[in-house]
Amino acid sequence: AVNLVADNPAISIVLMDIKMPVMDGFEAMQLIKTLNPELPVIAVTAYVMTDDREKAIRAGFDNYISKPIKKEFLMKILAKYPG
């Protein structure tokens, strides 16, 4: 995801899974924000505790979606970030 953002300035939003094999979503989000601080990065995770959402927002994610993703909720979140 970090390389895609670096190579594609037209990307207007990133949905970032928190748990990934090579680099976790928090580290990837921080690198993406270094490349483009204005690019919205939405945390996507199976973790659904209130503390998990707050941790993601405090870390710099612009929003948070838990799995399984409901289409209506995803569309509502995406509508907040025109582009």
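The model is predicted, so local features need pLDDT of at least 70 and side-chain atom pairs count only at pLDDT 80 or more, while totals for chains, interfaces and linings use all residues. Residues are numbered from 1 along each chain as its sequence is written, and side-chain values use heavy atoms, with hydrogens and water left out.

The largest nonpolar core has 15 residues. Such a core is a set of buried Ala, Val, Leu, Ile, Met, Phe, Trp, Tyr and Cys residues joined through side-chain atoms within 4.5 Å, where buried means under 20% relative accessible area (1.4 Å probe, protein chains only). Val14, Met16, Ile32, Val41, Ala43, Ala56 and Phe61 touch the most other members. Two or more residues each come from α1 (2-7), β1 (14-17), α2 (25-35) and β2 (41-45); helices (H or I, at least four residues) and strands (E, at least two) are DSSP runs, numbered from the N terminus. The largest share, 4 residues, belongs to α2.

How do α2 and its partner α3 meet? Phe26, Met29 and Gln30 in α2 meet Lys55, Ala56 and Ala59 in α3, contact being heavy atoms within 4.5 Å. Leaving aside neighbours within four places in sequence, Ala56 is in contact with Phe26, Ala43, Phe61 and Tyr64.

Finally, the peptide bond from Lys67 to Pro68 is cis, with omega near -5 degrees. Pro68 lies in the loop between β3 (63-66) and α4 (71-79).

Methods. Buried means under 20% relative accessible area, exposed over 50%, partly exposed in between (1.4 Å probe, protein chains only).
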